[in-house]
Amino acid sequence: MNKQKTFYGTLKKSLFLLLIPIASNHIIAQDDESNNSNTEQNKIDAGNISGNFQVLTQFYQPDSLIGAKDVPEDVLMNGFLNLNYNRGNFSAGIRYEAYQNPLLGYPTGFKGQGIPYKYAKYSHEDIEVTAGNYYEQLGSGMIFRTYEDRNLGYDNAMEGFRVKYQPFAGVQLKGVIGKQRSYFTLGQGIVRGIDGEITINDLFKNLKEKKTKVLLGGSFVSKFQPDEDANLVLPENVGAYGGRLNIIRGGFNFMGEYVYKINDPSGDNGFIYKNGEGVLVQTTYSTKGFGLSLSAKRIDNMSFRSDRNAALTNLMINYHPALTRQHSYNLLATLYPYATQPNGEVAFQGELIYKIPKKSKLGGKYGWTILVNYSSANNIDTTGISGIDSTRQGYTSEYFSLGKVYFKDFNIELAKKFSKSFKAKLTYANIAYNKDVIQGKSGYGVIYADVVVAEMTYKFNSKNSLRTELQSLTTEQDQGDWATVLLEYSRSPHWFFAIMDQYNYGNHDPKKVLHYPTISMGYNNKATSFIITYGKQREGLFCVGGVCRAVPASNGVSLLITTSF
Amino acid sequence: MKKLFTVLLITLISFCSFSQGNEKTIPSVEVKTLDGGTFNTENISNEGKPIVISFWATWCSPCKRELNNIADIYEDWVEETGVKLIAISIDDSRNMAKVAPYVNGQGWEYDVYIDPNQDLKRAMNVNNVPHTFLLDGNGNIVWQHNSYAEGDEEELFEKIQKLAKDGTL
């Protein structure tokens, strides 16, 4: 324990030294510590500090073969430090971020450094108030969700106030107001929202013990942005509302949500005055060893930003959950991943998971796990309004029919543990990917690909193991066939060592039949990790939660340091 | 504005040095239960026995490897040490509905909660999943670990055993 204390102590001190290069402060802090470390009361009163820290640095080398461009700075770096202070019902914190300059593929708007995130929060019994920055989500987020994904470079945090209030059991109210973060500044628009959620069973005594549970929710969100357009009369206040229903009984769960947005001419929809709407329905059933989920969604003209001229992932007020499986194998995850299309999309997904029990005839000693997933996304079926469209409605859409294919994915996964030391997983996926729409390119059309992945893990003993991934992606189109081999040796609990090669053996252009090898090594201790990687990164997409960013080809050494304290 | 932050930072530093010896506990954050309700994490307890809190997501392979590997031996862990594992899924509305089917499908015996707005993840300073915390019987965080490699569960179990026996690491 003493050792750990010293470790954390040293870590904290060095971090603070880095932050504020004033030696005297540091000495004062040390004095205080020695004076008070034995006074139990002070310790309890002072609350505590925690945080985390991450720096990713990459040294770039040009490589004309793979298309890795020369980086004038040679070295680029992304980093942040979070500090949270917590005492009883009060908490406050800041995040310092620095991009010297942003890593390739990361939004260039992040260039620079600062403290874009700071908050103070107080909660007492049934009320909670936040001032400063916060992340919040109403319902499934289809009309309001602010969130961050540091790896993706996505952060649309609100800056303003938030109040959560529970007037009595079973009723939860929320109110938000503020502006949204746009890199190191705030967007122009003001966003306001309220949300109420009622758990019917908690309201009435005689319903409390009922097996069926019902939740109702509703929200209203509006944004204000002045109309500075010379030609069009634009709505300065744009409102959106939504209602949701959740019914649960045993292993059965039904969730439905409907959202509506008044006309919101924007860069995304070509400044049309059509209203937007969306519906999301999800049903799941599960019991021990079996799980089934079915979902459907339709959205029409539902892009919603606090600046009508914003593009990319900037200043989005809402979030559209992609109804596709989020793959984690490298070829599947980065070559043809789906990104939601807020302008219009009809999507379906079904997933079944079944575990053949252990010690059964078919299951053997350890059992099997089978997962089958199917998803599809199409455009909505629209007809452009030809001739006079004096109200600028843009198009009409047929509710129950499908437009052109955006994405399809049928995949099946079998996992089996064969013995204490060996287990394997086999995955097959058949994908259709509309590259033109999803990546905003032209001339590619819909790409059809088959993917097979075999993953095997062998444990030499309790500490040493080797994990192998053999991946194959075959397609006649685009860049042709790919293969990936990954070998990952880990020595628990501290070390790992990995080699990976991606090989574009089927490229139709012989000059592009290339290997992309990388070698990496990592060290973990408690909440601290170091990972160093050397090699070639192919051009691809990096996606989290259906939001993607393009990562260009690069070559070089990168170092990741991350810790929590 | 900058002055304000400097002042804030200095205040934080002095607080930090005061709190050097303070044990960190579970923050009070509302998360979702698998049946649609809410649960405040300050109510996490295990009758004075060790608690493991593991952050995971349905799209995170190492997370699932870790929790599936522990699932195979969890019964023995509970029997020997009385430990309770709480799995916190950080899946958002895209994959949230798939959490219960996955958990039941795999037959996990853990307490599972969902943190769709990542409030608990932020409050516990988790950078990336998987991230695992070990808490003593009084709810103090005594150890944590980032990432997962095969066999890491053995180190975790050694700590749990020591904690169950001595009450401290």
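**Sheet and salt bridges in a predicted model**

In this predicted model, strand β6 (residues 131–135) of chain B pairs with β7(B) in the antiparallel sense, over 5 bridges. Across this pairing, B:Leu134 stands opposite B:Trp143 of β7(B).

Both strands belong to an open sheet of 7 strands in chain B, with the order β2-β1-β5-β4-β3-β6-β7 and mixed pairing. Its edge strands are β2 (38–40) and β7 (141–146) of chain B, each pairing on one side only. Neighbouring strands are turned by 30° against each other on average, direction ignored. Helix α2 (residues 61–81) of chain B packs on the sheet. This helix touches β3 (51–56), β4 (84–89) and β6 of chain B, and its direction makes about 145° with that of β3(B). Helix α5 (residues 152–166) of chain B lies across β3, β6 and β7 of chain B, running at about 180° to β7(B).

Now the salt bridges. The whole structure holds 39 of them over all chains. In one, A:Arg162 meets A:Glu136, with the closest N and O atoms 3.0 Å apart. A:Arg162 lies in strand β8 (residues 158–165) of chain A and A:Glu136 in the loop between β5 (127–134) and β6 (148–149) of chain A, so the pair ties together parts 26 residues apart in sequence. Both A:Arg162 and A:Glu136 are buried.

A:Asp264 and A:Lys223 form another salt bridge, at 2.9 Å from N to O. A:Asp264 sits in the loop between β14 (252–261) and β15 (276–287) of chain A and A:Lys223 in strand β12 (residues 212–224) of chain A, so parts 41 residues apart in sequence are tied together. A:Asp264 is buried at 2% relative accessibility, and A:Lys223 is buried at 3%.

Notes
Residues are numbered from 1 along each chain as its sequence is written. Chains are lettered from A and ligands numbered from 1 in the order in which they are written. This is a predicted model: local features need pLDDT of at least 70, side-chain atom pairs count only at pLDDT 80 or more; totals for chains, interfaces and linings use all residues. Side-chain values use heavy atoms; hydrogens and water are left out. Two strands pair if DSSP finds at least two bridges between them. Helices (H or I, at least four residues) and strands (E, at least two) are DSSP runs, numbered from the N terminus. Axes are lines fitted to C-alpha atoms, for helices over the stretch in contact, and angles run from 0 to 180 degrees between N-to-C directions. Contact means heavy atoms within 4.5 Å. A salt bridge is a side-chain nitrogen of Lys or Arg within 4 Å of a carboxyl oxygen of Asp or Glu. Buried means under 20% relative accessible area, exposed over 50%, partly exposed in between (1.4 Å probe, protein chains only).
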